[in-house]
Amino acid sequence: MVFTVFLIFLLLLRLGELLLARRNERWMLAHGAVEYGQKHYPCIVALHVLFFISLITEYVFTSNGSYSIPLLVLYFLLLAFKAWAIFSLGKCWNTKIFRIPGCPLVKKGPYRFMKHPNYLVVVAEIALIPLIFYLYITAVVFSILNGLMLSVRIRKENEALKL
C-alpha cells in the first residue's frame, strides 16, 4: 500500500514537473531561447520511464512490502532542496537545456554554492527512491545508467552556459 501511494505521488510529481517545464519552455522560446542537447534528450526520457518500470517490476518480484522510514524522510528533505533549486531558476528551469542569449546565469539559491544542484538531486533520487523499498538492483543499475547519461548532459549544458 505504501509503495502504491508513493508511486502515485512520484508519478504526479513528475507530471507536474513536465507541465512546469513545458510552460517554462514556451516562455523561454518566446524570449529568444535556443535549445541545446536535443539528441540526448530522448535517452533521458527513456531512462526515466525505464526507471519506473524497473522500480515496479523489482518491487512486484522481490519485495516483502517493507520500507525505510528514515530514507523516506530523507527523500522528502531532498524534495525541499529540489524545490529550492527549481524556484531559484524560476522560468528558466526546465528538463531540457535552453539558453536565452545575453541573459545572465542565475546565481541565487543553491546556484550560489554549486553549478548543477538539480543534477545532484537527480543522482540522489535515482539511488534513494528504490532504496526506500530495498530495491537494490534498480538502485545500482539506474545509478550507473544515470551517471553515464549525466556525463553527457552536464557536458552539453556546460557548453550552452559558456555561450
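## A nonpolar surface patch

V2, Y67, I69, V73, L74 and L77 form a nonpolar patch on the surface, and together they have about 520 Å² of accessible area. In such a patch, residues have over 30% relative accessible area and no salt bridge, and nonpolar side chains are joined within 5 Å. Areas come from the Shrake-Rupley method with a 1.4 Å probe; a salt bridge is a side-chain nitrogen of Lys or Arg within 4 Å of a carboxyl oxygen of Asp or Glu.

Helix 3 (residues 69-89) gives the most to this patch, with four residues. Y67 lies in the loop between helix 2 (41-62) and helix 3. Helices are DSSP runs of at least four residues, strands of at least two.

## Basis of the model

This is a predicted model, in which local features need pLDDT of at least 70 and side-chain atom pairs count only at pLDDT 80 or more, while totals for chains, interfaces and linings use all residues. Residues are numbered from 1 along each chain, and side-chain values use heavy atoms, without hydrogens and water.

## A buried arginine

R14 is found in helix 1 (residues 2-30). R14 is buried, with a relative accessible area of 17%, since buried means under 20%. Contacts of R14 (heavy atoms within 4.5 Å) include F52, Y75 and E125.

## The largest pocket

The largest pocket has a volume of about 1,000 Å³. Its lining has 43 residues, and N94, T95, N118, Y119 and R153 lie nearest its centre. Lining residues have an atom within 4 Å of a point on a 1 Å grid, where a pocket is an open set of points with protein on both sides within 12 Å along at least five of seven lines.

Note on methods
Patch = residues over 30% accessible without salt bridge, like charges linked within 9 Å, V, L, I, M, F, W, Y side chains within 5 Å. Buried < 20%, exposed > 50% of the residue type's maximum accessible area, 1.4 Å probe, protein only. 1 Å grid on protein atoms, 1.4 Å probe; cavity = no way out; pocket = protein on both sides within 12 Å on 5 of 7 lines; lining within 4 Å. Points joined across faces, edges and corners; volume = space filled by probe spheres on them. Lists of a residue's contacts leave out its neighbours within four places in sequence.
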